[in-house]
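My notes follow in the order in which I went through them.

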Amino acid sequence: MIEKTIIIDDVDPVVFYGINNDNLQFIKLLFPKLHIIARGNVMKVIGEEKEITGFEKLIGQIIDYCAEYNRLDGTIIGAIVNGGTPLEIKQENLIIHGINGRQIIARTENQQKLVSAFERNDLVFALGPAGTGKTYIAIALAVKALKNKEVKKIILSRPAVEAGEKLGFLPGDMKEKIDPYLQPLYDALQDMIPSVKLKEMMENNTIQIAPLAFMRGRTLNDAVIILDEAQNTSVHQIKMFLTRLGINAKMVITGDMSQIDLPPAQTSGLVQAVEILKDIKGIEIIRFNKNDIVRHRLVQVIVEAYERYSERNKIKKLKDNTDKDIQ
């Protein structure tokens, strides 16, 4: 009799063992001669060497499947045991499998362009209106790179621009004050990484979410770095952020030029950065539009209505200025 310890990496134990440990019980039934003890991401197996060798091979295949597709059940385990591969119909433009195996794909032409630009370049700007999936696709690409071990960490940031309430008047400590600004980033990650695994990754700093001000002085190596809502950065802030890019790192900057929350007299760092960097090799700019909106159908209607309103105001101001000049 021998004892073997197997570490279950890259998967969420909750998904792997199943609801009420159903998957684990099924695996135990397949190997009745082995004594299997599971605690968290550690499995201890006691039995004859031949039996344990077969068990290791099977478990390795099951772990690989669960890591890629983020789901597991008895039917899948049965297919693997019988020497087959569970049938998975992959949609075109698939990026990764999210929670419960949901396929996260690039749905629109510009989302597909962002995927291609990320593969070709180390710095990409994704610009466009709300609801076009800029940030969501960027985070999916970062998670994919992490799962494929192309990078060691993901760093997500946003400028904490006050829009109504002052930080000092919000309840809680600094983390509690800042978290509401960063919630959209948490939401996207929770769609793609099981909660237990996500919590572990954040605790060991494999995934870091921080306000823009926390980036100063750092050199970010072996990482995918995403700056969201970059239209609300100052000229100095975005320059500081762009110069954090380190070795074996990729950076995605997302923003919506129509939703700048800075004081009227302050120049958006994103607007200036795009103008300065637009012709540099290794940097690509993807421009999204209202046709890329993938939220509720009313979001596109709202964006169009605001565009018409803005255009009418521009024409009215131009006419008023012309009339003044004539007078």
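Entry 1, a bridge in the antiparallel sheet. I looked up Ile-36 and found that its bridge partner in β3 is Val-45; I keep in mind throughout that this is a predicted model. Strand β2, residues 35-39, is joined to β3 by five bridges, and the two run antiparallel. Another of the pairs I noted is Arg-39, whose bridge partner in β3 is Val-42. Between β2 and β3 there are two residues, the two strands forming a hairpin, and Gly-40 in the turn has a positive phi of about 60°.

Entry 2, the other neighbour of β3. Strand β1, residues 2-7, pairs with β3 in the antiparallel sense over six bridges, and here I found Val-42 again, this time as the bridge partner of Ile-7.

Entry 3, the sheet as a whole. I wrote down the order β1-β3-β2 for this open sheet of three strands with antiparallel pairing. Its edge strands are β1 and β2, each of which pairs on one side only. Neighbouring strands are turned by 15° against each other on average, direction ignored. Helix α3, residues 49-69, packs on this sheet and touches β1, β2 and β3, its direction making about 10° with that of β1.

I then turned to an open sheet of six strands, which has the order β8-β7-β9-β10-β6-β11 and parallel pairing. The edge strands, each pairing on one side only, are β8 (207-211) and β11 (283-287). Neighbouring strands of this sheet are turned by 15° against each other on average, direction ignored. Helix α10, residues 269-277, packs on the sheet, where it touches β6, β10 and β11, and its direction makes about 130° with that of β6.

Leu-298, Val-301, Ile-302 and Tyr-306 form a nonpolar patch on the surface, with about 400 Å² of accessible area together. Leu-298 lies in helix α11, residues 297-326, and I noted Leu-298 as partly exposed because its relative accessible area is 39%.

Conventions:
Residues are numbered from 1 along each chain as its sequence is written. This is a predicted model: local features need pLDDT of at least 70, side-chain atom pairs count only at pLDDT 80 or more; totals for chains, interfaces and linings use all residues. Side-chain values use heavy atoms; hydrogens and water are left out. Two strands pair if DSSP finds at least two bridges between them. Helices (H or I, at least four residues) and strands (E, at least two) are DSSP runs, numbered from the N terminus. Axes are lines fitted to C-alpha atoms, for helices over the stretch in contact, and angles run from 0 to 180 degrees between N-to-C directions. Contact means heavy atoms within 4.5 Å. Patches are made of residues with over 30% relative accessible area and no salt bridge: like charges are joined within 9 Å, nonpolar side chains (Val, Leu, Ile, Met, Phe, Trp, Tyr) within 5 Å. Accessible areas come from the Shrake-Rupley method with a 1.4 Å probe; for residues, only the protein chains shown count as cover. A salt bridge is a side-chain nitrogen of Lys or Arg within 4 Å of a carboxyl oxygen of Asp or Glu. Buried means under 20% relative accessible area, exposed over 50%, partly exposed in between (1.4 Å probe, protein chains only).
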